[in-house]
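Here are a few friendly notes to read alongside the model. Keep the sequence and the 3D view open as you go through them.

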Amino acid sequence: MIRLIPPRSYKPGYRSWIVIWIILLLLLWEGIAWILHASMTPQQASSRLPYLHDVVMALFRHAGTLAEQGSVTFGNAAIGFAGGTLLGLALALLMSIAVWLERTLSPYVISSQMVPVIGLAPIVYGIIHNAEWARIVMAAYVTFFPIIIHTLKGLKSTAPEHLELMRSCGASLPAQYIKCLLPSALPGLFSGMKIAAPLAVTSSIVVELMGAPDGLGVLMVSSLYYGNAQVGMFWATIMLSMGIGLISYLVISLAERWLTPWQPEFRSKRGGAA
């Protein structure tokens, strides 16, 4: 017997709501800027919040400079992010194997994050005296902590009956990790990566604010130095840094969907006739 399913009324999906909210935020920005420009002098209003279309024009006008300096920031942040991910993954695996190692390292791992990035960045830059390596070190510093926490949680969430089955079949410890523990830890690993990726970009920019010769942070400082004459450039660098962080997040999300299709949120909901 064929059961007919009545057509459903359209409801905006998750992506549709994201687009709607972005459009509303952009309209809100333009509206607030219009109110400020109507109630203040142009110089005062621009220093507080310029028109969105002026920022977009600055993005196109200085596209070459922004792309060049943005690639420097993103390149160093990406290297530090990769290094911090590998370090955090290795420590999480070691801590899952030896409980005594977890108890020994956990206080140091947690206390390492008590120092704010804005305070640690000039110290690292002053010790290394190399802007490129300082950006890489800071990006790795903000990356490894969320990777450790989320990966270790994923390793501990492995179903005990799965491990017992593998042990009863005589599986070695590497086989248990490859076939059971690591797949269980992948969702946690990707969660940590999605948190750490934008932070890696931010930490690289913080180092650049301390006196690096190039990067988006240098463009921000120089734009502030020239005041209202470069206010569009200043906001353009902020928009570009946000865009780099957002793109990093989306790339990791796509990789997670591809490598962990068994997660409930990635399973396609199918409807049909029965």
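1. Let's start with Arg-135, which counts as buried because its relative accessibility is 3% (buried means under 20% relative accessible area, exposed over 50%, partly exposed in between, with a 1.4 Å probe and protein chains only). You will find Arg-135 in helix 7, residues 131-156. Helices here are DSSP runs of H or I with at least four residues, strands are runs of E with at least two, and both are numbered from the N terminus.

2. A word on what you are looking at: this is a predicted model, in which local features need pLDDT of at least 70 and side-chain atom pairs count only at pLDDT 80 or more, while totals for chains, interfaces and linings use all residues. Residues are numbered from 1 along each chain as its sequence is written, and side-chain values use heavy atoms, leaving out hydrogens and water.

3. What does the side chain of Arg-135 pair with in a polar contact of 2.8 Å? Its partner is the side chain of Glu-208. A polar atom of the Arg-135 side chain also lies 2.9 Å from the backbone oxygen of Asp-214. (A polar contact is a pair of N or O atoms within 3.5 Å; within protein, one must be able to donate a hydrogen and the other to accept it, and residues adjacent in sequence count only if both atoms are side-chain atoms.)

4. Leaving aside residues up to four places away in sequence, Arg-135 touches several others, including Val-72, Asn-76, Ser-204 and Gly-215. Contact means heavy atoms within 4.5 Å.

5. Now zoom out. The protein has 11 helices and zero strands. Of its 274 residues, 37% count as buried. Among contacts with a separation of 6 or more, 71% join residues 24 or more positions apart.

6. Look next at helix 10 (residues 216-225) and helix 11 (residues 231-259), whose axes are 8 Å apart and pack at an angle of about 160 degrees. Axes are lines fitted to C-alpha atoms, for helices over the stretch in contact, and angles run from 0 to 180 degrees between N-to-C directions. Helix 10 and helix 11 are therefore roughly antiparallel (angles under 35 degrees count as roughly parallel, over 145 as roughly antiparallel, 65 to 115 as roughly perpendicular and the rest as oblique). Among the residues that meet are Leu-216 and Met-220 in helix 10, and Phe-234 and Ile-238 in helix 11.

7. Helix 11 also packs with helix 9 (residues 173-209): their axes come within 9 Å and cross at roughly 165 degrees. This contact includes Phe-190 and Val-201 of helix 9, and Tyr-249 and Ile-252 of helix 11.
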